[in-house]
Amino acid sequence: MSARLFLASMSALAFLAGCRKEESAKDAPIVLGVPTALGTIEGQDSLRAAQLAVSEINAAGGLEVGGARRKLEIASIDTREAEAGLPVNDALAAMEKLVGEKKPAAIVVGAFRSEVLLSAMDLNARYKLPYLCTIGMTPEFEKKIAAGYDKYKYHFRLGLNAPYLVGNLGKALDYVHKKLGLDKLYFVHQDVGWAKGTAAGVAKAAQAAGWTVVGSDAYPTGSRDFSSSLTKVKAGKAQVVVPIFDMPESGVLVKQARSMNVTALFAGFISPAAPGTAWSTFNGEIDGLVNFVFEAGPIPLKTPRSLHFNEAYGKAYGEEARLKLSGHGPGPSYDAVFVLAEAIKRAGSLDADAVVAQLEKTDMEGAIGHIVFNKNHQAVYGEDPKQAAASLAFQWRGGKRVVVYPESAAESPIEVAAK
Amino acid sequence: MSRDPGRRRERLDRGIKARSDDIFAIASIRDLAYVLLPRLLAVLALLAFPLLEAVVSPYWQTVILNTLVIALLALSWDLLASAGLVSLGQSLFVGAGGYAAGFLNARLGLSPLWTIPLATVGGAAISTGLLFPLLRLRGIYFGMITFALPLLLMRVIETTGFLGGTEGLHGLTPLPGRTAELYLMTAAALVTIVAFRRLAATDYGLVFRAIRDDDRTVLAAGFHIQWRKAQAVLLAALPACFAGAFVTHRFQFVGMTAFALDYSILPLTSAVVGGAGSFLGAVMGSFILVPLSEVMREFGSLRVVLYSLMLLLFTVVLPEGIFRLLVRKYGQFERLAPLPEAGRGR
Amino acid sequence: MSESILASTLVYGFVNSVALMLTALGFSLTFGLSGVANFAHGGLYLLSGFLAWMLIHWLKLPFPLAALATVAAVGALGAVLYRVVLRPVRGIVLSEVISTFAVGVAIIELFRWKGFTTYDFSLPVFVEGGVEVFGVSLDWHRVCIVGIGLGLTALLWAFTRFTSTGLALRGMSQNESTALCLGIDSDWAAMLSLALGSALAAVAAIALLPLGIISINTGYDALLVALAVTVLGGLESTPGMMVGSFLVGYATVLTGNTIGPRWNEVVYLLAIVLVLGLKPSGLFGRSKELEDRV
C-alpha cells in the first residue's frame with residue numbers, strides 16, 4: 001500500500017511539475033507565433049515565407065531592440081482550421097496553446113478561415129499581442145477594428161481583403177467588356193463569407209457596368225461536382241465564368257468544363273490553377289484561364305524587393321517550391337516580418353502599445369509593393385506598386401503564365417481564344 | 001499463465017474489501033479510508049486545481065477545461081448507452097446548446113447568467129424534440145440517424161445562413177475569468193456524476209437498463225418505450241447542452257462547427273476507453289484521452305488516427321474499460337488455485 | 001426549365017444515380033448478406049483511390065494492372081478486417097458499428113495527416129473524349145461509369161441467385177441457424193461478404209474518382225451516400241437499392257439545377273432522416289416492422 005502511495009504522489013508531483021510556468025530569459029530570441037492551417041498550401045507557403053524573412057534578419061545580425069540585438073524565431077502550430085470536421089474552438093485552443101507555451105511577442109500570418117480570424121481577434125484582444133494577418137480576407141475584420149479601436153487595435157492585415165478583390169475583378173471585367181465586347185457573366189463561388197461577398201460585390205458592379213449576370217451558384221466547401229452550374233452556363237450562353245474558390249477541389253471545375261465543352265472564359269480565383277506547376281497537373285486543360293494572384297510575390301512585381309523575395313524563396317526551398325508558391329499568403333507573410341521588425345526597431349521595445357503605434361506609421365517597400373495601412377489597419381492596395389500594394393492577374397497561355405493585370409504591370413492584355 | 005490442468009485461476013475479494021463492505025467500514029479508520037480515499041482525493045484534486053493558478057500554466061488550465069467539457073459529453077453518452085441508444089452524434093447536443101446560448105446572447109442580449117441555464121434546458125428540449133420521432137428505432141438505426149443529423153443541421157445552417165451561417169455568431173459575452181470557468185465546469189461535472197450514478201441505482205434507472213437489454217419485454221410489461229427513451233435523451237442532453245453553452249461563452253463564438261465530428265468521436269472514445277456503463281469510467285476516459293490528445297497536438301490529424309485506433313482496441317480487446325479494470329484490481333486479486341479433487345465435496 | 005437544361009438534367013441525373021448506386025453497392029451487399037453495417041466503407045473507398053494513385057505514380061504500374069491490384073488488395077483487406085476486428089465482436093451491434101467506424105476514421109485521418117490533401121491526387125479517366133447524348137455532351141468516362149454500374153449490379157444479382165456461393169450467402173442472411181445446419185460456415189460467409197463489399201468499394205473508387213480529385217472528405221461522403229441509398233431503398237433488396245439511388249440521384253441533380261447546388265448534400269441527409277423516421281426498413285425492405293422499431 002505504501003509503495004502505491006509513493007508512486008501516486010510521485011506521479012502527482014511529476015504532473016504538476018510538467019504544468020509549471022516557464023521563466024523567460026533576457027537574451028532569449030524574440031518569438032513570432034504562426035497559428036494557422038498548415039495543412040493548406042496557403043498556410044504552408046506563408047509559414048515558409050515568414051521563416052525566410054526571419055532567417056534573413058538573423059543573418060544580418062538580428063533585430064535591434066532598445067540597444068540590444070536579439071535573434072528572431074518562429075513558433076508555429078497547425079490549427080487545422082481548413083478541415084471540415086474541426087470545431088472552430090479547436091483552432092482557437094491551438095492558438096491558446098501556442099501563446100501559452102511559446103510566449104510570442106507577436107503573431108504573424110494569422111488565421112486562415114474568416115470565422116476563426118474574427119474569433120481569434122476576440123481571443124487576441126485578451127492577450128494584447130500585435131497580430132499581423134495575411135490570409136483571412138473578410139471585410140468584418142476592418143469593421144471590428146473600426147467599431148472597437150481600443151480593444152482591437154493590435155490587429156493589422158497585410159493580405160488582400162474581399163472589397164479590394166472585388167475592385168480588381170471589376171476592373172479586369174471592365175476591360176473584357178469594353179475591349180473584347182463580352183457581356184454575359186456567370187458566378188460560381190464557394191459558400192463562405194469572403195467568396196459570397198466578393199461575388200455579390202462584383203455582380204453589382206458588373207451589372208452597373210452593363211453586364212448581364214446569367215446566374216450565380218454557391219458551393220459548400222468540399223464540393224466536387226459543378227455540372228449543374230456548367231449546364232446553366234451553356235444553356236444561358238454565358239461568355240465569362242467567374243470562379244471564386246480557395247479549396248483544392250475547385251480544380252475539378254476546370255476539368256468538368258473541358259469535358260462538357262464549355263467554351264467560356266474563366267476569370268477568377270481557383271487555387272490549384274495558380275502555381276507554376278499547374279499546367280502539367282491539369283495537362284494543359286487550363287489554357288486561357290485567367291487567375292488572380294492576390295498579393296504579388298509568387299509572380300514578382302518588377303521591383304527589387306519583390307524580385308528578391310521570389311529569388312530568395314527559390315534558393316531557400318528549391319525551384320519547384322518557388323513555382324508552386326500559392327497566390328495568397330506568402331508575399332504579405334514575408335513582408336509582415338519585416339514590417340514588424342521595423343516597427344519594433346522604431347519603438348525601441350517589445351511593448352505592444354508602442355509597437356502598435358509604430359506599426360500604424362509603416363511606410364516601406366515590400367514584396368507586395370508599397371506598404372501603408374489605412375485607418376482600419378488594412379494595407380492599402382492599388383494599381384501602382386510604388387504607391388500601394390498590388391495584386392496581379394495572369395492568363396495561362398501555352399504553358400506560361402502571362403501577366404495581364406494591372407495595366408502598369410501587364411505584359412499583354414487578356415485574350416479570348418476564337419472558337 | 002501456463003495451462004496447468006490441476007489448477008484454475010480465481011478471483012477473490014481482498015481482505016480489506018471484504019471487511020469494509022457495507023456498514024462495517026466504519027469499524028476502523030483504515031477501512032473507511034480504503035472506501036473513501038480514492039473518491040475524496042479525486043474530488044479534492046478537481047476542486048483544488050483552479051487554486052493552483054500560481055503554479056500551473058494557463059495552457060494546462062485550458063486542457064483541464066476541455067477535459068471537463070468532453071467528460072460531460074461522455075457522461076451523457078454513457079447515459080444514452082445505458083438505455084440502449086448508441087449515439088454517434090453527441091455534437092448534436094453541443095450544437096443545440098451552443099446555438100441556443102448564442103442566440104439568447106447575441107439576439108436577445110441576455111448575460112451568461114441567464115443564457116447558460118436557459119440554453120441547457122432549451123437545447124435539451126430542442127434536441128429531444130428532433131430525435132423524438134426517431135426513438136422508435138432499434139439497434140443501429142439510431143446510430144445512423146445520430147451520425148447524419150448533426151451533418152444535416154450543419155449543412156442547413158450553411159445554406160440558409162440562419163444564425164450567422166458560415167461565419168457564425170461572435171463577439172459574445174465572455175465568462176468572468178479562468179477560475180470561475182473552472183469552478184463552473186467542475187461543479188457541473190460533479191453534479192452530473194452524482195446525479196447519474198444515483199439515477200442508475202433507482203428503479204427509474206433500472207427501466208432504462210431493461211430497455212437496453214430487451215425492450216420488447218419491457219413493452220410487454222406496459223411501459224411506453226418511446227416516452228421512456230425520450231426521457232433518457234432529455235436527461236442525457238442536459239449536461240451535453242450545458243457543455244455546448246459553456247463552450248460558446250468561453251470562446252465567445254458559436255458556428256456550424258459546433259456540430260463537428262470531433263465532438264462526437266472524442267466522448268465516444270472516452271466512454272469506451274474508460275468503460276461504457278460506469279459513469280466514472282467515462283470521466284476517467286476523458287481525463288486520459290484529452291490531455292493525451294493535447295500533448296499530441298503537434299501531430300495534427302495523427303491524434304485522430306490514434307484515438308480511433310484506441311477506440312478500436314478497447315472495443316475489440318478490452319471492452320471492460322480501464323475504470324472497471326482498476327476497480328477490479330483495487331477490490332480483488334487473482335491467484336491460481338488447485339481444483340478440488342473429483343468426488344470430494346467442497 | 002429550358003429544353004437543354006431538361007435534357008441535361010435527365011442525362012446527368014441518370015449518370016449521377018448510377019454513380020451513387022455504384023458507391024453504395026458494396027455497403028448494401030455487406031449489410032444485406034451478413035448484417036454487418038460496414039462503417040469503414042468510406043475509408044476503404046478512399047484507401048482504394050490513394051492505393052491506385054500510389055501504384056500508378058510511385059511504382060509506375062500501368063493503369064489496368066494498378067486497378068486490378070487495388071481491387072484485389074482492398075478485397076483482401078476487407079476479409080482481414082472481418083477476421084481481426086469484427087469476429088471478436090460479432091453479434092454485438094454496438095461494438096460492430098463502433099469498431100468499423102473507428103477503422104474508417106483511422107484510415108481517412110491517416111491520409112489527411114500524411115498530407116494527401118492537395119490537387120495533385122487524381123486518377124486518370126478510362127477513355128478521353130466525349131459523345132453527344134440527346135443533345136447533351138457527355139464524356140466517355142461517364143458512359144463507362146454507367147456501363148460498369150449497371151453491369152456490376154446485374155452480375156451481382158445473378159451471383160446471388162444462380163451460383164452456389166451466392167445462394168449460400170443469401171441463405172445465411174435469411175436464417176443463420178438453418179444455414180449452419182446445412183453446413184454453411186457463418187464465419188466464412190461473413191468474411192466473404194465483407195471481402196466482396198470492400199472489393200466493390202474499390203471498383204467504385206477507381207471508376208468514380210477520375211471525375212474529380214481524390215479529396216479526403218470523399219471518405220465521409222461515400223459513407224453518407226451509401227447510408228442514404230441503402231436506408232432509402234431497404235436492405236436485402238437490390239431493386240430497392242436501385243430505386244433508392246435513382247431517387248437520390250435525380251433529387252440531387254434536380255435541386256442543383258433548379259434551387260442551387262448548395263442544397264445537394266442536404267438532400268442526402270434529409271433522405272436518411274426522413275426515411276428512418278417514416279419507414280426504417282426502407283421503401284422495399286422486407287424486414288418485419290417490429291424488428292426495426294417498438
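Me: How do strand β11 (residues 265–270) and strand β12 (residues 290–293) of chain A pair, in the parallel or the antiparallel sense, and over how many bridges?

Reply: In general, the strands of a sheet pair through backbone hydrogen bonds, either parallel or antiparallel. Here β11 and β12 of chain A pair in the parallel sense over 2 bridges, where pairing requires that DSSP finds at least two bridges between the strands, and A:Ala267 stands opposite A:Val290 in β12(A). Strands (E, at least two residues) and helices (H or I, at least four) are DSSP runs numbered from the N terminus. This is a predicted model, in which local features need pLDDT of at least 70 and side-chain atom pairs count only at pLDDT 80 or more, while totals for chains, interfaces and linings use all residues. Residues are numbered from 1 along each chain as its sequence is written, and chains are lettered from A and ligands numbered from 1 in the order in which they are written.

Me: In what order do the strands of the open sheet of 7 strands in chain A stand?

Reply: The order is β9-β8-β10-β11-β12-β15-β16, and the pairing is mixed. Because β9 (212–219) and β16 (400–405) of chain A stand at the edges with a single partner strand each, one side of each is left without a neighbour in the sheet. On average, neighbouring strands of this sheet are turned by 25° against each other, direction ignored; axes are lines fitted to C-alpha atoms, for helices over the stretch in contact, and angles run from 0 to 180 degrees between N-to-C directions.

Me: Which strands of chain A does helix α8 touch?

Reply: Helix α8 (residues 193–209) packs on the sheet and touches β8 (184–190), β9 and β10 (240–245) of chain A, its direction making about 170° with that of β8(A). Contact means that the C-beta atoms of two residues, placed from the backbone, lie within 7 Å.

Me: What is the pairing in the open sheet of 5 strands in chain A?

Reply: The pairing is parallel, in the order β4-β1-β5-β6-β7. Here β4 (72–78) and β7 (155–157) of chain A are the edge strands with a single partner each, so one side of each lacks a neighbour in the sheet. β1 (residues 30–36) of chain A pairs with β4(A) over 7 bridges, and A:Val34 stands opposite A:Ser76 in β4(A). Helix α14 (residues 330–347) of chain A lies across β1, β5 (106–109) and β6 (131–133) of chain A, running at about 155° to β5(A).
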